Amino acid sequence: MIQLLSNCVIPLMVLLVVGYGIYKKIDIYDVFIEGAKESFGMMLSLFPCLLGMILGINIFVQSGLLTTIIDWMNPLFHFLNLPSEIVPMAILRPISGSSTLALLNNVLMNYGPDSFIGRLASVIQGSTDTTFYIITLYFGSIGIKKIKHALWAGLFADLIGIIASIVVVSIFFGR
Amino acid sequence: MVNKIWGFFIISGICFCFITGKLELLNKQILDSTKQSFDMIIQIFPVMALWMGIMNIATVSGLLKKMAYRLSPFLTKLFPEIPKGHESLSYIASNIIVNLFGLGNAATPFGLKAMKSLQAINPKKDTASCSMVTFLVLNTSGMTIVPTTIISLRMLHKSVNPTEIVFPCILATLCATIAGLLLDRILARRYYH
């Protein structure tokens, strides 16, 4: 049901917009081309930002520094009753979407999608987003340099999302 | 802020690679970044061009303005800075709607358009306006009703009920969004008073 609704959104949007354009008697095709041209400028200003962010994140994530730190702190997570597979995912989630997706894939493979860890990892992946990527993309495209408290609020939302995931999954499915 | 974090990522990562002797990997990572970012741009670009075209029809025909007017009672509460009926409100609305349905790729162009029109009414061009930060928080808290990627991944691993995580996801997202917006409100006040 939700899947079906989801599949209808884009076609319906296109239909509505084009239909309304015809109704208002504008040159829809020319206007479309004109709008699409605008994307070139946006992409050009976006590329350096993406390149910079990916470079920094790649070096940081792939160096293994983070996983080493997490390994050191493992006893603490054990004490807090957090599954050690979840911690790297939670920490990496705001930084890198593709590497957490890879981690989720590992968890689902090793523990099964219907285990506590499998469900928790799925909910964490689904309830938060890659804050760094969005900040780079959105602020980079318009040349904003001072981002004020955007990063803190974004990371705070991620943290609460992860905590909420643990609580909700524990309540819904039990441990 | 971003400058410091970027510096930290690079310096700590490279130093750690020197300590552990993973120089080969480091070389590969540095060069791979160029390819990865290029691939990403190539992936986003056509989707972007498509939606910018469609959006332009909506703008010129006046549909966008009409939509913004309808939705403004709700959105002006979240974004008190934006003048009523401003086009950015309709871009924000489109971004939210498409995001809710889990179509992140299609949502990005609307988000970027929203940022661009927010920038037009931003008095300080190099500093984020409060509305921009609020809009960003809405996006980073990852609100979705249908997390499409995760459902398909769970199906791939033969889950008995791949969609059972949908409702927990909505609850957790809601908590994250509310928390993010609250902190945004508190911190925004500090910047202005």
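Me: A nonpolar core is a set of buried Ala, Val, Leu, Ile, Met, Phe, Trp, Tyr and Cys residues joined through side-chain atoms within 4.5 Å, where buried means under 20% relative accessible area (1.4 Å probe, protein chains only). Which residues touch the most other members of the largest nonpolar core?

Reply: In this predicted model, local features need pLDDT of at least 70 and side-chain atom pairs 80 or more, while totals for chains, interfaces and linings use all residues; side-chain values use heavy atoms, without hydrogens and water. Of the 75 core residues, those touching the most other members are Tyr138(A), Phe139(A), Phe79(B), Ile92(B), Met115(B), Met132(B) and Leu136(B). Helix α2 (residues 28–62) of chain A supplies the largest share, ten residues. A second, separate core of 21 residues includes Val107(A), Ala164(A), Leu153(B) and Ile165(B). Residues are numbered from 1 along each chain, and chains are lettered from A in the order written.

Me: What does Tyr138(A) touch?

Reply: With contact meaning heavy atoms within 4.5 Å, and residues up to four places away in sequence not counted, its partners include Asn95(B), Leu112(B), Met115(B), Phe135(B) and Leu136(B).

Me: Why is Phe79(A) called exposed?

Reply: Exposed means over 50% relative accessible area; Phe79(A) has 71%, so the residue is exposed. Phe79(A) lies in helix α4 of chain A.

Me: How do you know which parts of chain A have the lowest and highest confidence?

Reply: By mean pLDDT, the predictor's confidence in each residue from 0 to 100: α4(A) is lowest at 80, and helix α9 (residues 150–173) of chain A highest at 91. Chain A as a whole averages 86, with 96% of residues scoring at least 70. For chain B the mean is 85, and 97% reach 70 or more.

How values were computed
Helix = DSSP H or I, 4+ residues; strand = E, 2+ residues; numbered from the N terminus.
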